[in-house]
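Here is a short briefing to read alongside the model. Have the sequence and the 3D view open as you go.

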Amino acid sequence: MTRRIVLDPVTRLEGHARIEIELDEAGEVADARVVIPELRGFERFCLGRAAEEMPRITAHVCGVCPAAHHIASAKALDALYGVTPPPAARKVRDLYYHLFLLEDHALHFYYLGGPDLLVGGPDALRSIAGVVARLGQEVGRRVVEARRAARGIMSEIAGRAGHPVFALPGGISRPLPAATIARAREAAPGLVDFAAYSLDLFDAAAREGAAWRAAIDDEAFQARTHYAALVGPEDEVSFTGGTLRVVDPDGRELARFAPERYEEHIAETLEPWSWVRFPYLSAKGWKGFVDGPESGVYRVGPLARINVAARMATPRAEAARARMLEALRGRPVHATLAFHWARLVEALQAAEMVERLANDPELGEADVRRIPEAAPREGVGVVEAPRGTLIHHYRTDERGLLTGVRLLVASQQNGAAMQLTVRRAAAALVRGGRAEPSALDTLEMAYRAYDPCNACASHALPGEMPMEVIVRSAGGAVVQRLSRRIDREPSE
Amino acid sequence: MAFSPRIVAFLCEGCSQHAADLAGRERRGYPQALLPIRVPCSGRIDPGLVLRAFRGGAEGVLVAACHPQDCRHGGSSAAEARCAILGRLLEALGIERARLRFEGIGASEAERFAAVARDMAATVSALGPLDYARRALGRDPASPPAEKAPRRRPSRSTHRLPRVAIHWNAACGGCDEAILDEFPDLSGLTERAQLVYWPLAIDGRRADVERLKDGALDLALVSGAVRLQEDAEWAVLLRRKARRLVALGACADTGGVVGLGNLAGAAAIARTARSGAVRASPASAREPAPLLPMALPLSELVPVDAVIPGCPPPPEVLRAALERLLADEVPAYEVLAPPRALCETCPRRATRPERPALVELRRLASHAPDPERCFLDQGHLCHGPATRQGCGGSCIAVNMPCRGCSGAPEGAPEPGAAMIGAVGALLAAGGLESASLAGGLADVAGSFYPYGLAAATLPEALRSEGEEEGGP
């Protein structure tokens with residue numbers, strides 16, 4: 001008799017997920033998977049829309065990382081129309097982007113995944129409230145202040161803290177007001193302090209905690225995958241542009257290419273039970289949810305960036321990176337939990353970049369827009385989103401109406417590795433048909449380390465349509481019947 | 001027996017109504033299929049009424065107005081412009097443009113009226129039945145949609161904190177982030193409420209919610225469109241468990257951008273998503289979570305007690321709404337945002353001309369708007385006239401036109417129709433050949449329904465939109 005353990009939903013992540021563990025007759029794990037029950041269909045319903053609306057439309061892919069989609073989309077539009085934004089426009093976008101990266105990484109460490117490490121023990125309150133209860137009001141005050149400062153400046157730049165509206169092909173919608181620049185300059189040192197403080201807190205609370213010590217070196221929480229990330233001209237970590245570099249599980253370079261050539265290097269596969277497509281390295285091919293040098297499975301995101309880049313772009317972050325790699329015995333680091341540490345190293349780089357950009361003399365210049373003149377055709381835009389490489393790829397007709405849209409998002413690229421991680425951790429944690437609640441917490445923790453963003457991952461709308469859907473109440477009564485007639489299916 | 005179409009005819013009482021009367025008195029034959037609706041002026045025909053006529057079973061709609069140059073109120077040109085936009089919208093939805101017809105008919109033109117009616121009946125007969133309602137709603141039109149204003153529920157005991165659940169359906173998480181911005185360390189919320197379920201911020205399982213007694217929750221805030229069967233199950237579950245169910249944000253309110261998926265048609269979306277993947281899926285007993293045929297606003301599925309509009313809800317709106325909801329001060333259905341149109345509080349109101357007019361249509365790709373002037377006056381389709389206040393014009397403040405995420409002002413049937421109505425009037429005032437100007441709109445559905453397509457209960461594409469592939 002087979003049995004299933006279902007964790008529904010997995011909490012403290014962006015969007016929907018449930019973990020399903022199938023046990024065999026002996027009670028051992030036969031299979032485990034993360035199922036993401038959501039999808040909305042952006043790649044199809046954006047067809048026919050005016051291209052310049054895409055930064056606003058695709059921001060709605062994700063309410064946690066709308067900035068990443070907004071900026072990737074704007075860059076795709078720059079390429080689509082063959083126009084280079086003026087320096088001030090690029091710098092305002094970059095300032096906005098680094099503020100976002102900092103506040104989003106802080107969200108994960110203090111609210112989403114971090115409480116797994118910061119608040120230990122069974123029946124613990126793993127949430128921001130638990131973090132404050134465990135580590136004190138001061139922690140809460142600092143994170144709230146820092147995120148509020150960053151998001152306040154973001155909303156002045158972008159119109160609102162949520163879905164931004166300011167980026168356009170060839171630049172941005174208006175010059176940055178002097179008051180906003182002053183506010184950013186004033187806030188920047190505090191943000192750098194906050195990022196450094198978070199790293200100290202990580203040392204003092206997370207690395208000393210039971211969860212970290214138990215799992216960081218545990219074989220069940222390793223994945224020897226390839227890694228992919230953007231690097232800048234000196235192979236430094238770069239969030240806003242550069243070359244895509246891929247390294248193998250031994251850290252050797254497998255590929256280096258301009259982001260617009262991504263299709264030559266990355267392919268996707270489908271699984272019948274999942275809405276989310278799984279990208280893999282086409283040079284290696286799809287070998288299933290396995291790691292190692294012959295598997296096409298690769299990872300993106302904070303740990304991937306640390307593993308791929310030669311160094312950080314800013315001095316204090318570089319020092320933090322060196323400490324991290326020393327403690328974890330050099331790169332590539334394969335421990336999934338190390339994503340947490342890498343994220344905080346990156347938050348420091350983001351804060352230092354905010355300080356640098358806020359004080360840039362060109363930031364407030366009035367010239368912020370080049371009006372496109374060339375006919376639009378095709379464009380690729382790429383950024384390093386908090387969760388990894390994000391690619392927007394558009395094609396239009398001569399009127400600038402979209403005829404092709406492809407979004408390759410971070411949580412989708414990490415999808416195969418997440419499956420692998422969950423399966424491996426489940427096999428170690430569930431033995432003899434028994435799973436302690438704490439073991440299930442640990443399993444979730446491994447998945448959460450990726451900071452999964454499932455609204456992003458499931459932006460596409462794959463699968464075949466059901467003929468009829470019956471909504472039943474818990475008592476079994478039919479609440480509603482939604483049907484789809486076969487004559488409405490377009491013939492293939 | 002031949003198919004006999006139902007055609008709703010909006011007749012202006014200054015002209016075409018007389019022509020119809022005269023045609024009857026003179027015994028000129030015209031089809032009985034015509035259902036006449038008399039209006040004081042064709043300019044008063046809300047585009048939402050035209051759509052409602054189709055939804056209610058009409059196979060064609062005739063708008064018979066004064067000849068535009070003869071109209072005493074200037075309404076006829078607005079009606080013509082609105083019909084031009086509506087026709088293109090219907091076409092984008094796969095409905096033949098000939099099913100909606102605008103004609104100028106003078107009071108004495110009895111024969112012309114009869115001829116138009118005969119011709120329209122013949123054209124629509126040839127096109128065949130539309131079956132709009134079934135296609136639009138994905139269910140039998142005989143079963144009415146959920147009531148928006150449910151019965152009053154007993155108020156909670158004041159001796160304990162209200163029990164609250166926050167859930168997301170087909171959402172982006174932006175509404176949850178907006179709540180987090182209000183209660184950044186949760187303490188402001190946990191002092192006021194017992195937080196039972198909120199997957200973004202605290203641990204908890206679906207089973208915990210299922211175990212609750214019916215009505216045990218005082219408040220459930222649900223964001224996201226209803227797109228999957230699982231979303232529908234959550235909607236029904238939380239409706240049962242919660243005394244007050246609140247649609248949080250544009251997707252729950254009107255379908256949001258998710259509603260644009262209804263334009264494409266689900267099969268086309270599926271084809272797009274499958275393209276570009278090199279490996280076909282092997283046969284398997286396991287299926288992914290099933291989809292509903294359409295994306296729906298929450299209120300299409302279950303009664304909703306209140307709406308907090310916006311994408312995401314603006315901080316001031318959200319703060320005020322949560323304040324009242326947590327204090328149990330929203331006794332009857334209410335949209336928890338100011339009722340009137342954004343234009344009235346627009347920071348650029350002073351630059352709005354006395355008699356605003358659209359003389360050209362501009363796109364943001366090829367034009368940098370002036371940072372002070374009314375967007376409509378510059379030819380940009382700003383949704384201010386058709387959008388509820390509450391945001392303070394935050395997009396306009398950064399020199400971007402409104403896209404209508406807060407939904408329609410009070411009294412307007414739905415935001416897209418309200419915007420078509422407003423733009424029709426502006427095009428007419430512009431005095432150009434309004435129909436041809438409307439024809440210059442690049443993307444009608446996306447321009448008028450960026451957030452409201454699902455709420456407009458418009459149908460999916462009825463024809464295949466061609467076999468284009470999604471991946472570039």
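The notes below cover the sheets of chains A and B and then chain B overall.

This is a predicted model, where local features need pLDDT of at least 70, side-chain atom pairs count only at pLDDT 80 or more, and totals for chains, interfaces and linings use all residues. Residues are numbered from 1 along each chain as its sequence is written, chains are lettered from A and ligands numbered from 1 in the order in which they are written, and side-chain values use heavy atoms, leaving out hydrogens and water.

**The sheet in chain A**
- Three strands make an open antiparallel sheet, ordered E1-E2-E3 in chain A; strands are DSSP runs of E of at least two residues, numbered from the N terminus, and two of them pair if DSSP finds at least two bridges between them.
- Strands E1 (3-7) and E3 (29-35) of chain A each have a single partner strand, so one side of each lacks a neighbour in the sheet.
- E1(A) pairs with E2(A) (residues 18-23) over five bridges, and A:Val6 sits opposite A:Glu20 of E2(A).

**The sheet in chain B**
- Four strands pair in parallel in an open sheet, with the order E2-E1-E3-E4 in chain B.
- At its edges are E2 (34-39) and E4 (100-104) of chain B, each pairing on one side only.
- Six bridges join E1(B) (residues 7-12) to E2(B), with B:Leu11 opposite B:Arg38.

**Chain B overall**
- Of its 472 residues, 61% count as buried, meaning under 20% relative accessible area (1.4 Å probe, protein chains only).

How values were computed:
Buried means under 20% relative accessible area, exposed over 50%, partly exposed in between (1.4 Å probe, protein chains only).
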